[in-house]
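User: I am new to this structure and would like to learn how to read its features one at a time. Please give the general idea before each case.

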Amino acid sequence: MRPSETTIKRLFAMSGNLCAFPGCALPIVEAVGTVTGEICHIHARNEGGPRFDATQSEDERQSFANLVLLCRRHHKMVDAEPDVYSAEALEEIKRLREEEMGRPEEATDAFYAKILLSDLRRIEVTNNSGNIVIDSPGSIIAATVNVKSVRKTVKIQPAAGTIGADLKASLYIQYMISRYNKFASADKSRDTKFSYGAITKNIETKFRGPWRMLAIEDFDALCAYLQQRINRTRIAKANAAKGFRAFSSFEEYAQTVG
């Protein structure tokens, strides 16, 4: 969940477009629309985050009362030292700023709220020594994650609830891809050279993501797609005419892997 646009409109109006930290005069959004501030959760939105409160509901975490606007510097500072900048301290500096600068909402506030919400979705990760999990409970959740690493490649582990995180489901999809490649590559009537990686790219296009990262709820649809692709190959059709099956069902395959 993320805060609603209505909530951020109110938050922006009550901030007076200024960082809430005492003595800070930096704007949240510059006049030209450049975002220089951030939406800060007083009680962290994820378990393990600064000032996280397990008793809060998701709605409470994204509510006006749990949010404050800070410049990037002060946001990093208060989150780095949660013992110093407690939830009570952040609630107080927010209250003081609202009393000083709060105003009625204006028509342009909707525009600034959209900018701030868009910026909230864009998270840059500069720590290359740890693990990052996207879209998983207690983890970084964002539309775009930019990873800066000293390594040549970045290995992405499937999150819980994805096909890649389910051993049997993952092995079965690999088996089905292998079956397709075996039948399709043996078709000598092709005009072009066969590409073994084409099927995975086709899956990405159709399902809008790598198959390992797809939700487990997409497993049946992915299986149906691969079964259809296999059955359409010339060799699978020829085998079917002779009474031979082109692949095992998931239930049959799962029994072979224990």
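Predicted model: local features only at pLDDT ≥ 70, side-chain atom pairs only at ≥ 80, totals over all residues.

User: Where is Arg 208 found?

Analyst: Arg 208 is found in the loop between H7 and helix H8 (219-231). Helices (H or I, at least four residues) and strands (E, at least two) are DSSP runs, numbered from the N terminus. Arg 208 also has a positive phi, near 60 degrees, in a residue other than glycine.

User: Which other residue has a positive phi although it is not a glycine, and is that residue buried or exposed?

Analyst: Arg 51 has a positive phi of about 65 degrees and is not a glycine. Arg 51 sits in the loop between strand E1 (37-41) and helix H2 (58-61). With 11% relative accessibility, Arg 51 counts as buried.

User: How many helices and strands does the protein have?

Analyst: There are 10 helices and 4 strands in the protein. Along the sequence they follow the pattern α-β-α-β-α-α-α-β-β-α-α-α-α-α.

User: What can be said about the protein as a whole, in burial, surface and contacts?

Analyst: Of the 258 residues, 39% count as buried. The accessible surface comes to about 15400 Å², and 51% of that surface belongs to carbon and sulfur atoms. Accessible areas come from the Shrake-Rupley method with a 1.4 Å probe; for residues, only the protein chains shown count as cover. For contacts, the rule is heavy atoms within 4.5 Å. Among contacts between residues at least 6 apart in sequence, 65% join residues at least 24 apart.

User: How many salt bridges does the count come to?

Analyst: A salt bridge is a side-chain nitrogen of Lys or Arg within 4 Å of a carboxyl oxygen of Asp or Glu. By this rule the count comes to 13 salt bridges. One of them joins the side chains of Arg 97 and Glu 100 (3.0 Å, N to O). Arg 97 and Glu 100 are 3 residues apart in helix H4, so about one helical turn separates them. Arg 97 counts as buried at 8% relative accessibility, whereas Glu 100 is exposed, with a relative accessible area of 53%.

User: Which parts does the salt bridge of Asp 187 and Arg 234 tie together?

Analyst: The side chains of Asp 187 and Arg 234 meet in a salt bridge (3.5 Å, N to O). Asp 187 lies in the loop between helix H6 (167-185) and helix H7 (198-207), and Arg 234 in helix H9 (residues 234-241), so the pair ties together parts that are 47 residues apart in sequence. Asp 187 is buried, with a relative accessible area of 17%, and Arg 234 counts as exposed at 56% relative accessibility. Elsewhere, salt bridges that share partners join Glu 92, Arg 95 and Glu 99 into one network.

User: What does Arg 103 touch?

Analyst: Not counting residues up to four places away in sequence, Arg 103 touches Phe 12, Ala 13, Met 14 and Asp 109. Arg 103 and Met 14 are 89 residues apart along the chain, and their C-alpha atoms are separated by 5.7 Å. Arg 103 has its place in the loop between H4 and helix H5 (109-121) and is partly exposed, with a relative accessible area of 23%. The side chain of Arg 103 also meets that of Glu 106 in a salt bridge (3.9 Å, N to O). Glu 106 counts as partly exposed at 42% relative accessibility.

User: How many cavities are there of 30 Å³ or more, and which residues line the largest cavity?

Analyst: On a 1 Å grid over the protein atoms alone, a cavity is a set of points where a 1.4 Å probe fits but cannot get out, and lining residues have an atom within 4 Å of a point. Grid points are joined across faces, edges and corners, and a volume is the space filled by probe spheres set on the points. The count comes to 1 cavity of 30 Å³ or more. The largest cavity has a volume of about 60 Å³, and its lining is made up of Leu 11, Met 14, Ser 15, Leu 18, Ala 20, Val 68, Leu 69, Lys 94, Arg 97 and Glu 98. Helix H1 (5-15), strand E2 (67-71) and helix H4 (87-101) are the elements that give two or more residues to this lining.

Key. Residues numbered from 1 in each chain as written. Heavy atoms only, no water. 1 Å grid on protein atoms, 1.4 Å probe; cavity = no way out; pocket = protein on both sides within 12 Å on 5 of 7 lines; lining within 4 Å. Buried < 20%, exposed > 50% of the residue type's maximum accessible area, 1.4 Å probe, protein only.
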